[in-house]
Amino acid sequence: MTTTVRALLFDVFGTVVDWRGSLVEQLQGLSAKHGVQADWGALADAWRAEAYEAILPQIAARTLPWLPLDEVHRLALDELLPRHGLVGLTEAEVTWINRRWHQLQPWPDAVPGLHRLRQGYPVCALSNGNVSLLLAMARHAGLPWDMLFGADLFQRYKPAAEVYLGACALLDLQPEQVMLCAAHNGDLQAAQELGLATAFIQRPREKGPAGGEVSNGGWDLEASDLQDLADQLGMSSMAAEDATRDRATD
């Protein structure tokens, strides 16, 4: 099937960027600068869970109106702050915390791997993030996307079929001509059921001490990281070397 693939879609949070490690590192800076103390790892875990397990299902069921992910994160954060002993923060401080999702760091292999993959394929984000969030993150992290497919383009969140098929339609490709690359079995299963090719990317440190997902198997490719994916798809290492050199001289 991979010989028919003409474009690559990437889940972003966890697959391309280290959302948990980045949040914890940035929030520890709040402790250092303003003396705000909390178990930042526990907050990051609860924040992700509250957004994805409590709020997004309500939006999918339409018991809540459509909200972009920035607003979903803020709703979740407002619920969680007092539970974690964080009271009395200013609006500016809460807004700053919420925008940490805009400045997540890529996994070490992500940028060079994407540059290599761009030799043979358009590389596109397919994320539950809104486009403005994804754009800010890409500029911060140096992610060389050809296209950003945010959930706000479709006003639906993965794993809704409209997201995957909408991206394929905008690329003017059939589902079997598009490969979803992700570190999450549920994401890949939803795409596979719609006819997309699939690649599981191992991210054993995605959730910190809790580890990451283990492949359920049955995917077209499995890779240890994006460099390994580029190897399997026959991409030269020269693009990554050139990109690293260009960034060093910017």
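Student: Are Phe10 and Trp145 buried or exposed?
Tutor: This is a predicted model: local features need pLDDT of at least 70, side-chain atom pairs count only at pLDDT 80 or more, and totals for chains, interfaces and linings use all residues. Residues are numbered from 1 along each chain as its sequence is written, and side-chain values use heavy atoms, with hydrogens and water left out. Buried means under 20% relative accessible area, exposed over 50%, and partly exposed in between (1.4 Å probe, protein chains only). Phe10 and Trp145 are both buried.

Student: How many aromatic pairs are there?
Tutor: Rings of Phe, Tyr and Trp (its six-membered ring) pair if their centres lie within 6.5 Å; planes under 30 degrees apart are stacked, over 60 edge-to-face, the rest tilted. By this rule, the count is five.

Student: What geometry does the pair of Phe10 and Trp145 have?
Tutor: The ring centres of Phe10 and Trp145 are 5.9 Å apart. Their planes make an angle of 45°. That pair is tilted.

Student: How many residues apart are Phe10 and Trp145?
Tutor: Elements are DSSP runs numbered from the N terminus: helices (H or I) of at least four residues, strands (E) of at least two. Phe10 is in strand S1 (residues 7-10). Trp145 sits in the loop between helix H6 (131-141) and strand S3 (147-150). The pair links distant parts of the chain, and the separation is 135 residues.

Student: Why does the pair of Phe13 and Trp101 get its class?
Tutor: The ring centres of Phe13 and Trp101 lie 5.7 Å apart. Their planes stand at 85°, so the class is edge-to-face.

Student: Is Trp101 buried or exposed?
Tutor: Phe13, its partner in the pair, has 2% relative accessibility and counts as buried. For Trp101 the relative accessibility is 0%, so Trp101 is buried.

Student: Which residues form one aromatic cluster?
Tutor: Phe13 and Trp101 both belong to the cluster. Two further tryptophans complete the set. The members are Phe13, Trp19, Trp47 and Trp101.

Student: Over which ring does the charged end of Arg48 sit?
Tutor: A charge sits over a ring if NZ of Lys or CZ of Arg is within 6 Å of the ring centre and within 35 degrees of the ring normal. Arg100 lies over the face of Trp96, at 4.1 Å from the ring centre. The charged end of Arg48 is 5.0 Å from the ring centre of Trp19.

Student: Within what arc do the buried residues of H4 fall?
Tutor: Glu93, Val94, Ile97 and Asn98 are buried in H4. They line one face of the helix, because their arc, taken from the directions from the helix axis to the C-beta atoms, is 135°.

Student: Which peptide bond is cis?
Tutor: Pro159 is in the loop between S3 and helix H7 (161-170). Omega is near 15° for the cis bond, which runs from Lys158 to Pro159.

Student: What is the relative accessible area of Arg62?
Tutor: Arg62 lies in the loop between H2 (40-60) and helix H3 (69-83). Its phi is near 65°, positive in a residue other than glycine. Arg62 is exposed, at 61%.

Student: What is the phi of Asp172?
Tutor: Asp172 belongs to the loop between H7 and strand S4 (178-182). Asp172 is exposed, with a relative accessible area of 67%. Its phi is positive in a residue other than glycine, near 60°.
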